Amino acid sequence: LPSIKEPVLKPTEVKYSDYSVALDPEYKVRQLDAARLKIPENNQDKKGFLRLGFGNYLGTLGDLVLPIIQKPKYGLDLNVNHKGIFDGHDGNQHHKSDASINFDRFFKEGKLFVNGGYSYRGFNYYGENKLFKDTLYSIENGTMKGKDFFYGNMGIHTWSAAAGYKSYPDNDLVNSLSASIAYDGFMPNEGLTQHRINTNIAYKRSVTSDNWGVGFNMQNYIFGDKNLDQTYSKEEGFTLVNFNPYYQFMRDRWDLRLGVNLNISTSGRAFAPTPDVKGTVTIVRNTLFFYAGLEGDYNTNSMSDMVDMCHYINLNEKVKSTWTPLDLKAGFKIKILYNLLTDLSIEYRMIKDQYFLVSDSANNAALGKVATNVFTPIYTDANVFTANFRTTYDYNNILNFLLSAKYHKWYADLEKDDMKAYNMPNFEFNFATMLKMGKHMAADLGLYIATGREALRVDGTTRKLSPIYDLNLGFYYNYNSKLSLFLKLNNILHRHYEQWYCYEVNGINGLVGLTYSF
């Protein structure tokens, strides 16, 4: 397929024996582009990996990959990771640490895996408060200090375990089977506790040049109220089942997948089917390709996923599931040069129960509604049109770059409900490049721009958020086959833009560190 030939610049799974990867926080304290630097080939036999980094704002980074057992038929690895900022702009702090252990058993026909892990995320709500923290305010049954309307420090514990089997394609590429069951838990210091069990089975069989397959996925959610705020009710657990049969035609100049996703839930929408149709056509061999798809999605919006997106969200209530019954996309991929690919596409989505995060409010008898420093979702049915341009280039793994631009237009039911696409940009621009200078040095540069975001105030008015201009630089030096050094400079334009309403990001900041393979 054309996408196989496309040069990839986005972060991929880290091969710790081959690459040094700079800090890439999942949270939104700083947005950093991943930077990769290949080290000498004679280091391929090294399996262990240690990375340490320190920076201003008391920034810290640590990674350890330790192979405990390495045998031809099985292996056991330990992974420990940490990243954090402990003294940021306006006192913002955020750190996350996790550890996991992974076991793999290799067979002739496939692989059996078992893993488990634990993670702790800590942060503070430093966003602007609308009341004086130590002032007493009148409420219905007495008085309350301003700070009691707001959240302070938060800690979130997560844990996980999974087991499964994945077969290798047989010699004739006829059959492929994978099956797994995974559990993950989520418990904040204040808010809902969530338990999720995810069962997944996928089977694929080739028929001459074509193939057919079927997928089965079941998610079971259970909620607890151990740390739930007394003003909220516990969520009821539910089950979502997805069944995905498909048939794929594979021809010399075109391919077509015909399928359907049948989503059945015991909560929310009982039946939410979506199409699974997509294909590509080669118009000019190795030069011009057309692709299109008619797809959809049903997303349960788990609490752990929402926290990764915005950890300032109110954790006392779960975000509703989102149904996208129609996701229509089409575009062209153009390859004028072997390693230069341009992608032009448009996309139209119809979404049911689309959520937008807005400032939560607390009721006060004397003041009416006041804004707190957490966000809560509001819902509407929405349509969005997206135009996308992207071009990528790679020159012998020495120079590569990515240039992309997206335009989003939200409309329809938002206007009917007198709403806007709060916190959503209408224009995004991204440029990233990496230059390798000889065998020992490399540098990268990344620029991200987002404009058109608006926030909803508690009084019903909106405020336009300042544009995001985020420029980052990275420098890397390989001292030898084991040791490398790196320096990251982030937000070098020193713009304190709001990632979320009233939450400004850090200004210019840096991180220096080393990686060691053993």
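Is Y516 buried, exposed or partly exposed, and what is its relative accessible area? In this predicted model, Y516 is partly exposed, with a relative accessible area of 32%.

**Figure 1. Edge-to-face pair of Y126 and Y503.** The search of the whole structure returns 20 aromatic pairs. Y126 belongs to the loop between β7 (110-124) and β8 (136-139), whereas Y503 belongs to strand β29 (residues 503-504), so the contact ties together parts that are 377 residues apart in sequence. Y126 counts as buried at 12% relative accessibility, and Y503 is buried at 2% relative accessible area.

**Figure 2. Stacked pair of Y516 and F518.** The rings of Y516 and F518 are stacked, with 6.3 Å centre to centre and 20° between the planes. Y516 is partly exposed, at 32% relative accessible area; F518 is likewise partly exposed, at 36%.

**Figure 3. Aromatic cluster containing Y126 and Y503.** One aromatic cluster is formed by F123, Y125, Y126, Y312, F375, W500 and Y503.

**Figure 4. Charged end of R257 over the ring of Y246.** The charged end of R257 is placed over the Y246 ring, 3.8 Å from the ring centre.

**Figure 5. Charged end of K333 over the ring of Y291.** Here the charged end of K333 sits over the Y291 ring, at 5.5 Å from the ring centre.

How values were computed: Residues are numbered from 1 along each chain as its sequence is written. This is a predicted model: local features need pLDDT of at least 70, side-chain atom pairs count only at pLDDT 80 or more; totals for chains, interfaces and linings use all residues. Side-chain values use heavy atoms; hydrogens and water are left out. Rings of Phe, Tyr and Trp (its six-membered ring) pair if their centres lie within 6.5 Å; planes under 30 degrees apart count as stacked, over 60 as edge-to-face and the rest as tilted. Helices (H or I, at least four residues) and strands (E, at least two) are DSSP runs, numbered from the N terminus. Buried means under 20% relative accessible area, exposed over 50%, partly exposed in between (1.4 Å probe, protein chains only). A charge sits over a ring if NZ of Lys or CZ of Arg is within 6 Å of the ring centre and within 35 degrees of the ring normal.
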